[in-house]
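Visitor: Hi! Could you walk me through this protein, please?

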Amino acid sequence: MISSVRLKPLTWHPHIEPVELSEATPEQLEAMKVTPSAKKVSEYVRTLAHDPESYVARTVLFNAIMYVEGGLDRPARELGALGASMVNGCKYCAVVHARRHAELTKSDAVVTALYLDRPETLDERDKAIYNFAHRLSVTPSKATQEDIVALRAVGLSDEEIIDLIHAVSIFGWANRLMHVLGHADSGK
């Protein structure tokens, strides 16, 4: 039996001073009404708000991919985000999406298997999703028709496969934003 991995939240520290709410322009304040998962205005949101038009475009797309109703279920989207973030070395996003996956599934078995580098212990569906996220993140051009066949073999529909591709792909971008704009650690 594998011991469970417990992941504590990390704190993200920006390299660029976030926009101060008291000094924000009306356009920046309006942009910050759109937040990832409709949650708080974080330091990350305030950092991205330096370019309010890009921030809104990015966040509307992110929310449509990760939080839309229908299609691929949320745990699978979180697994795709987790797999991409692990490959991309984004510890902050990996921890956030590992915790969301565990919360949604009420189990940390998948997260534990991945953090202990034992993806072969996952069930066939999760293994196929993780393997695809890993492959697509390492070298996108290496994803092939066989990868799609493997996802269909575990029951994913074409709509769900496209949702997974979107989830993995947006983390190629999201992880790069996080890396360049700041760093994460376990401190406050």
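**A chat about the model**

Guide: Let's start with Glu-78, which is buried, with a relative accessible area of 0%. One thing to keep in mind is that this is a predicted model.

Visitor: Okay! Which residue forms a salt bridge with Glu-78?
Guide: That's Arg-74, and the closest N and O atoms are 2.8 Å apart. Both residues lie in helix 4, four residues apart, about one turn of the helix.

Visitor: Switching topic: which residues touch the most other members in the largest nonpolar core?
Guide: Met-66, Leu-151, Leu-164 and Phe-171 do, in a core of 51 residues. Helix 9 gives the most to this core, with nine residues.

Visitor: What does Phe-171 touch?
Guide: Leaving out residues up to four places away in sequence, its contacts include Phe-62, Met-66, Cys-93 and His-97.

Visitor: Last one: how much space lies in the largest pocket?
Guide: About 770 Å³. The pocket is lined by 26 residues, and among those nearest its centre are Lys-40, Tyr-92 and Arg-100. Helix 5 supplies the largest share of the lining, eight residues.

Visitor: What classes are in that lining?
Guide: There are 15 nonpolar, four polar and seven charged residues.

Methods. Residues numbered from 1 in each chain as written. Predicted model: local features only at pLDDT ≥ 70, side-chain atom pairs only at ≥ 80, totals over all residues. Heavy atoms only, no water. 1 Å grid on protein atoms, 1.4 Å probe; cavity = no way out; pocket = protein on both sides within 12 Å on 5 of 7 lines; lining within 4 Å. Points joined across faces, edges and corners; volume = space filled by probe spheres on them. Helix = DSSP H or I, 4+ residues; strand = E, 2+ residues; numbered from the N terminus. Nonpolar A, V, L, I, M, F, W, Y, C, P; charged D, E, K, R; others polar. Core = buried A, V, L, I, M, F, W, Y, C linked by side-chain atoms within 4.5 Å. Buried < 20%, exposed > 50% of the residue type's maximum accessible area, 1.4 Å probe, protein only. Contact = heavy atoms within 4.5 Å. Salt bridge = Lys/Arg side-chain N within 4 Å of Asp/Glu carboxyl O.
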